[in-house]
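Me: I would like to learn how to read contacts, cores, helices and salt bridges in a model like this one. Could you take me through them one feature at a time?

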Amino acid sequence: MGHSSIMGITVFKDSSDSTRTYLRITRAINGKEQQRYVRVEGTSKAAMKRAMKEAKEIDQRLEQWQTAVKQLIALSGDNLIHEDGTIVGLQLQTRFRDGRRPATEFKIRVKLNDQPPLFKSVSVDKYGFDEAFQISVNRICEMRNLSEESEAFDKLMAAKEAYLEKHKESEPSDKMRLVSSRRKDQEDGLFDQLKGIFRKKAG
């Protein structure tokens, strides 16, 4: 029999016996392809209709199994944590801007099934690191429909240390702040000198 990676229900002939027609039902469950077969008994439209009805019932049962497995994985949180300990769809970003304080925030991106991705952001500067992380986890749980009583919630909260390390690394050191402050003072002094020169020429 020939094989195909096409999802859903497909019609094909037995390569060893061209008189035999089958319907193949295919669904991927937890990364593994599941296939079921229904033989079409006869060549009439009625025979195909009966076989298609049975194939759709099998496909529906596979879909229920597929959904149940996805829910179990989601509740466990196993698919929500990266190898480095951070959360899938949650980034800690610090933007450095000239003449202004660095802005740090948690960026949330959640993709659900075939829907467009959802975006949120939570300011660390506004809420502080601990509260901003808590708010971010709560929002991810709301978007993914996860309970705070679930195993997934505990795993998301346990990822805090991974972000705390990144937060410490992203903070400018005292030496960097001092250099930045001196550079700004020098630039301000130079600007004042230029203004004085232009005033003299204008006068």
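Me: Which residues does I87 touch, not counting residues up to four places away in sequence?

Reply: A contact means heavy atoms within 4.5 Å. On that basis I87 touches L80, I81, H82, F133, V137, I140, L156, A159 and Y163, leaving aside residues up to four places away in sequence. Please keep in mind that this is a predicted model, in which local features need pLDDT of at least 70 and side-chain atom pairs count only at pLDDT 80 or more, whereas totals for chains, interfaces and linings use all residues. Residues are numbered from 1 along each chain as its sequence is written, and side-chain values use heavy atoms, with hydrogens and water left out.

Me: Which residues touch the most other members of the largest nonpolar core?

Reply: In soluble globular proteins, nonpolar side chains tend to be buried together. A nonpolar core here is a set of buried Ala, Val, Leu, Ile, Met, Phe, Trp, Tyr and Cys residues joined through side-chain atoms within 4.5 Å, where buried means under 20% relative accessible area, exposed over 50% and partly exposed in between, with a 1.4 Å probe and protein chains only. The largest such core has 23 residues, of which I87, L90, F106 and Y163 touch the most other members. The elements giving two or more residues to this core are β4 (90-95), β5 (103-110), α3 and α4, and the largest share, 8 residues, comes from α3. A second, separate core of 11 residues includes V38, V40, A55 and I58.

Me: How should I read helix α3, and which of its residues are buried?

Reply: An α-helix has 3.6 residues a turn, so residues three or four places apart point the same way. Helices (H or I, at least four residues) and strands (E, at least two) are DSSP runs, numbered from the N terminus. Helix α3 covers residues 129-144, and its 16 residues reach 23 Å from first C-alpha to last, close to the 22 Å expected at 1.5 Å a residue; the expected span is 1.5 Å times one less than the number of residues. Its buried residues are F129, A132, F133, I135, S136, V137, I140, C141 and M143. Across from it, M157 in helix α4 (residues 151-158) touches F133, Q134 and V137, not counting residues up to four places away in sequence, and M157 is partly exposed at 22% relative accessible area.

Me: How many salt bridges does the structure hold, and where is the one formed by R27?

Reply: Side chains of opposite charge can pair when their charged atoms come close. A salt bridge is a side-chain nitrogen of Lys or Arg within 4 Å of a carboxyl oxygen of Asp or Glu, and the structure holds 4 of them. R27 pairs with D59, their closest N and O atoms being 2.9 Å apart. Because R27 lies in strand β2 (residues 17-29) and D59 in helix α1 (residues 45-76), the pair ties together parts that are 32 residues apart in sequence. Both R27 and D59 are buried.

Me: Are D130 and K160, which also meet in a salt bridge, buried or partly exposed?

Reply: D130 is partly exposed at 47% relative accessible area, and K160 counts as partly exposed at 25%. Their side chains meet at 2.9 Å, N to O, and since D130 lies in helix α3 and K160 in helix α5 (residues 160-170), this pair ties together parts that are 30 residues apart in sequence.
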